[in-house]
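Visitor: Please show me the model and take me through its contacts and secondary structure.

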Amino acid sequence: MVKQSNVDIAFDIVSANSSPITFADLWAKLCEVNNYSEQEAARKIGSFYTSLLLDGRFVNLGDNTWDLRSRYKFDKVTLDVNECYSEDEDVEIDPEEIEEEKEEDESSEEEKQDYEE
């Protein structure tokens, strides 16, 4: 028997569900399938979440609810960058604020050098 990765097992779990699933429920089912102890589950949850985010088969529908991307039309699961940014937005830069940040950076660098000596 070939051992499946956690993401492949998650794909099977989500595929078997007819509706979206919360991350907590998905993780609980995956831990059950793999028979993870609490310590193992705590150690592996972060890497699994990262893998889930990076795997193109899944989509986060908000509120940490997941489903298969193939179940949705393209426009429902993509983000239009133009909705996030606008060329009309003016960003005001305060020169005094920049100077203050430079001074803070310089003083923290001096403190770091003093500490290292």
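**Contacts and secondary structure**

Visitor: How far apart are the closest N and O atoms in the salt bridge of arginine 57 with aspartate 55?
Guide: Arginine 57 and aspartate 55 form a salt bridge, that is, a side-chain nitrogen of Lys or Arg within 4 Å of a carboxyl oxygen of Asp or Glu. The model is predicted, so local features need pLDDT of at least 70 and side-chain atom pairs count only at pLDDT 80 or more, whereas totals for chains, interfaces and linings use all residues. Residues are numbered from 1 along each chain as its sequence is written, and side-chain values use heavy atoms, with hydrogens and water left out. The closest N and O atoms of arginine 57 and aspartate 55 are separated by 2.9 Å.

Visitor: Is aspartate 67 buried or exposed?
Guide: Buried means under 20% relative accessible area, exposed over 50%, and partly exposed in between (1.4 Å probe, protein chains only). Arginine 71, at 35%, is therefore partly exposed. The relative accessible area of aspartate 67 is 2%, so aspartate 67 is buried.

Visitor: What is the order of the three strands in the open sheet?
Guide: Helices (H or I, at least four residues) and strands (E, at least two) are DSSP runs numbered from the N terminus, and two strands pair if DSSP finds at least two bridges between them. β2 and β3 (residues 65-68) pair in the antiparallel sense over three bridges, with valine 59 opposite aspartate 67 in β3. The pairing in the open sheet is antiparallel, and its order is β1-β3-β2. The edge strands, each pairing on one side only, are β1 (21-22) and β2 (58-60).

Visitor: How many residues apart in sequence are the parts that phenylalanine 11 and phenylalanine 58 tie together?
Guide: Aromatic rings of Phe, Tyr and Trp (its six-membered ring) pair if their centres lie within 6.5 Å; planes under 30 degrees apart count as stacked, over 60 as edge-to-face and the rest as tilted. Phenylalanine 11 and phenylalanine 58 are edge-to-face, 6.3 Å centre to centre with 80° between the planes. Phenylalanine 11 is partly exposed at 26%, whereas phenylalanine 58 is buried at 2%. Phenylalanine 11 lies in helix α1 (residues 6-16) and phenylalanine 58 in strand β2, so the parts tied together are separated in sequence by 47 residues.

Visitor: Within what arc do the buried residues of α2 fall?
Guide: The buried residues in α2 are Phe23, Leu26, Trp27, Leu30, Cys31 and Asn34, while Ala24, Glu32 and Val33 are exposed on the other side. What covers the buried residues, by contact (heavy atoms within 4.5 Å), includes α1, β1, α3 (38-54) and β3. The arc is that of the directions from the helix axis to the C-beta atoms. Seen down the axis, the buried residues of α2 line one face of the helix because they fall within an arc of 130°.
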